[in-house]
Amino acid sequence: MNLTISAIQPEQCSGALNSIEIVVLATLNTILALVSTVGNALVLLAIYRVPSQKTVSNAFLASLGVADFSVGVIMNPLWVYKSVLNIWQSDNIISTVIEVVAMQTVVATSLSLCAVSLDRYIAVTNIRHNEILTCNRVRTVIISIWIFSVIFASLRLVVTDPFELPKLWIAATTITVILPCLVISICYFYMVKAARVQIKRITKNEAFSVNGDEAVAQLKNSKAVFTVGIVVGVFLVCWTPSLVISFVQFFCNDPCKRTKLNGYWFWGALAEFSNSAFNPFIYCMRMRDFRKAVKRVLFTFSITQFVFGPANSECCS
């Protein structure tokens, strides 16, 4: 995500953070780590423990939840460590490890979002949704997403020249963010179009062939469409700073200025990974079934703690 230079004047050509920035970044990353870990853990538990949430569509949300959970457990703590030690050079081993894991997480997140959008598109526009997206096909797609994310992230181990890294980040952004978001945007356009038609039909009672259960299902799909839109919109907003930094570094001809931009990557990463903390709350605010499932998980956990106590709850689970 950044680059370094063997500068003649290292004090002037440095991406190092000052003490205030270190404290702020470490604090915010710690908060985001807690929020992302707890929020996404609840989402994953809701899908795993509540039978009504074990659907084909939620398998893609679970994949996204795992990616977001890994951000809170791995990425945010690593950035706290990197900020506290003020590691801004890209040739540092810690930077390399962080960038590999970061790229893998971003690829898994963006492609999982793409899969969620395609799933909603098929659900809204095709009545044969369950026939098209079988369990085996969904499982294959999710496994492929994670294998590809690991392989793609490994490219960072091949590209070691600091001045070539901006090219890698732009290529990575294009392949793993821009192209998936283009697919998502196309799907979303047709989903919104189809959802509006369905809502009008149900509201005006023009669809005599649509029974009550089908009407409820269509309304849920329509709401899910807009929820996906919010998730994707937040993802794009959070990713914009990193994209801007990549292009500025790539087109900057002054090596010293390009090196100074390394410090901005700390803030770009903070914005980028904050997306993982937002998603669980978007699900809970927008999707009633998820709210109920999360409350059920919390209620079950509370009862278990009350009955068995903190010491025995683990062995009885």
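The legends below cover aromatic pairs and charge-over-ring contacts in a predicted model. Local features need pLDDT of at least 70, side-chain atom pairs count only at pLDDT 80 or more, and totals for chains, interfaces and linings use all residues. Residues are numbered from 1 along each chain as its sequence is written, and side-chain values use heavy atoms, without hydrogens and water.

**View 1. Trp 79 and Phe 266 form an edge-to-face pair.** A search of the whole structure finds three aromatic pairs, counted when ring centres of Phe, Tyr or Trp (its six-membered ring) lie within 6.5 Å. Here the centres are 5.5 Å apart and the planes stand at 85°, so the pair is edge-to-face (over 60 degrees). Trp 79 belongs to helix 2 (residues 56-84) and Phe 266 to helix 10 (residues 264-286), 187 residues apart. Helices are DSSP runs of H or I, at least four residues, numbered from the N terminus. Both Trp 79 and Phe 266 are buried (under 20% relative accessible area, 1.4 Å probe, protein chains only).

View 2. Phe 247 is partly exposed at 32% (between 20% and 50%). Phe 251 is exposed at 55% (over 50%).

**View 3. Lysines sit over the rings of Tyr 48 and Phe 266.** The criterion is NZ of Lys or CZ of Arg within 6 Å of the ring centre and within 35 degrees of the ring normal. The charged end of Lys 54 is 5.4 Å from the ring centre of Tyr 48. Lys 82 lies over the face of Phe 266, 5.6 Å from the ring centre.

Definitions and conventions. Phe/Tyr/Trp six-rings, centres within 6.5 Å; stacked < 30°, edge-to-face > 60°. Helix = DSSP H or I, 4+ residues; strand = E, 2+ residues; numbered from the N terminus.
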